[in-house]
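Here is a note for a colleague who is meeting this structure for the first time. The points go from the whole chain to single elements and residues.

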Amino acid sequence: MDLKLHVDFCFSCPGGRVVAAGWSQDPRPALMVHAGSASLAPVHLIRFARRDLRTLEPFGYLAVFDLSGHPDALDDPSEEIFLAVGAEHARIGGARLATDARKMVEIGVDEAFFALLRLMAEGSVPMPDRALSGPVITRIRAARPLPAEAETHALSVDLGQIAEAGQGVASGWFLPTAATQGALHAVAFDDRQLARVTLLQGVVTRTDLAAYGDRYVYGGQDGWLAAFRFAAPAAGAARLLVMLPGQLADAGVLHPLTQVAAPQIARLLVEARMWQEDPEGADALHRATLAASDTPAIAMPDTPPLPGDAPILLILDHDLAAPDLRDVLRRLCQATGRAIDLHLLRPTLTPDLRDAIAGAARECGPRIRILGCAPKPPVTAEGPALLVHARSSILFHLAARLPVRGEVPDHDLQVLALDVLASLPGGAGRIAARFGTDRPAFLCWGDAARLLPALAPLLGDALVPESAFRQLAAQLDGAGRLAILPADPTGFHAGDQGPFAAALFDSLTGHDFDALSARLLQEAGQ
């Protein structure tokens, strides 16, 4: 028997991984890699039949070696490594380690390519970089897809959705035959980028599939859930590829992803948490949709001192009835003596809200005007302004505590927290610790020209702008640039109206979802 080791491709990956693909007639090749002083067996070895060899025997192989513990072995591109089976060695030049990845993606056999893609999907091999993602996507699109139902399987993608920022979710079910072994894997892709998908198999009860029991293996918990995050907003048509166990000669089942609003993705993640019993699995799905946990640097430009008569740039979440906006604005104007430029955190300015603003302006003169109406805060201020952010219910309660005309804030950001802890010894510190992962009621203020540039990068994933202000407060507190002032919550009644008070699912709102996102990112960074 020919026991010769055939190495078609061999390349290195970030993190010290080396991938080799080829074929050998040895049914159990004792593969080793020799690099410098290191001699290692593969951490992953996949065997498969190759159609180009015209045999059903699993002569093909894909092997992954972990050289992360031997960083010097791959540092010098002039050095060579050796793949070996017993006494037989194949020399791999350093240049080949850098170029074979693209060659394998472009001309390697389907079975080796999709074996590699599965290892990428499960995290055993790093996802391709930006330069290699294009060829990988082209190869996926050129490959033959699998039908959703065949003698070997039945798979359904019931739902696949993606939000503008790139976070997505999917759900469906999978019924294999008795001979099928292994797990589902999935990746998401668009015209330019590829994303690893966290897929939880067998986590949703699907009694409606019992009728398939005479053709497939039906277990009752056959529903799956998946989530992912693109590095950038989706470009072009986004798709989900679900790869079935044992089916290496074909791409898998492809499903288009429908673009929806971010709150819809959040709602589905909350529902998924209700559907399954494993909280760690639910956390993993949620975490898979979040952007990298790297905290953006605080970027605050140098600005002239804020004039004492600067107007208020009021970024307002109006959580009371529309007519109550008139009383809120009038109370703020009278308490501070400052003019008010209002940015209302609403998608549209309804006639009732417009009438309330006009009524307040009639009572307070030209010192109240509407600057904008949008779900997110403005990016810049027109001129020097004291930025104030609050919910209407909190502002109505605490307007008298804001800086009056002539006063200039001492810190970059000052927070007035409505919490019983604030009045206790050390209470301000405990509230600061809660800002990233909880939702204490507060209002805040500072120089608009300094705060808005720092706020902008924090708004991307926030369902509720207030969450971005919380995150900004937490960052500034770590830098010693935040003042937390206590406020007595007695007599305070939180508002329950407006778009940010609406429940995503059951009684959970966008505030709760953002707080959970912050907690998961915080835990991931620990």
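1. Accessible areas here come from the Shrake-Rupley method with a 1.4 Å probe, and for residues only the protein chains shown count as cover. On that basis the accessible surface of the protein chain comes to about 23,400 Å², and carbon and sulfur atoms hold 53% of that surface.

2. Some notes on the source are needed before going on. This is a predicted model, in which local features need pLDDT of at least 70 and side-chain atom pairs count only at pLDDT 80 or more, while totals for chains, interfaces and linings use all residues. Residues are numbered from 1 along each chain as its sequence is written, and side-chain values use heavy atoms, with hydrogens and water left out.

3. The C-alpha trace of the protein chain spans about 95 × 60 × 45 Å along its principal axes. Its secondary structure comes to 12 helices and 26 strands, where helices (H or I, at least four residues) and strands (E, at least two) are DSSP runs numbered from the N terminus. Of the 526 residues, 50% count as buried, a term that means under 20% relative accessible area, whereas exposed means over 50% and partly exposed lies in between (1.4 Å probe, protein chains only). Taking a contact as heavy atoms within 4.5 Å, residues 24 or more positions apart account for 75% of the contacts with a separation of 6 or more.

4. Strand β23, residues 441–447, is largely enclosed by the rest of the structure, because 7 of its 7 residues are buried. It runs antiparallel to strand β21 (residues 386–391), to which 4 bridges join it, and it also pairs in the antiparallel sense with strand β22 (residues 413–418) over 5 bridges; two strands pair if DSSP finds at least two bridges between them. Within these pairings, leucine 386 stands opposite aspartate 447, and leucine 418 stands opposite alanine 441.

5. Helix α10, residues 448–455, is likewise a place to look inside the fold, since 6 of its 8 residues are buried and the helix is therefore largely enclosed by the rest of the structure. Its buried residues, among them Arg450 and Leu451, pack against β18, β21, β22, β23 and α11. At the start of α10, a side-chain oxygen of aspartate 447 reaches to within 3.0 Å of the backbone nitrogen of alanine 449.

6. Serine 467 lies in helix α11 (residues 465–478) and, at 12% relative accessibility, counts as buried. Its side chain makes a polar contact of 2.7 Å with the side chain of aspartate 514, a polar contact being a pair of N or O atoms within 3.5 Å in which, within protein, one must be able to donate a hydrogen and the other to accept it, and in which residues adjacent in sequence count only if both atoms are side-chain atoms. Not counting residues up to four places away in sequence, serine 467 touches Ala462 and Asp514.

7. Leaving aside neighbours within four places in sequence, its contacts include Leu269, Arg273 and Phe513.

8. Aspartate 302, by contrast, is exposed, with a relative accessible area of 78%, and lies in the loop between α5 (279–288) and β18 (312–317). Its C-alpha atom is separated by 36 Å from that of proline 263, which is 39 residues apart from it along the chain.
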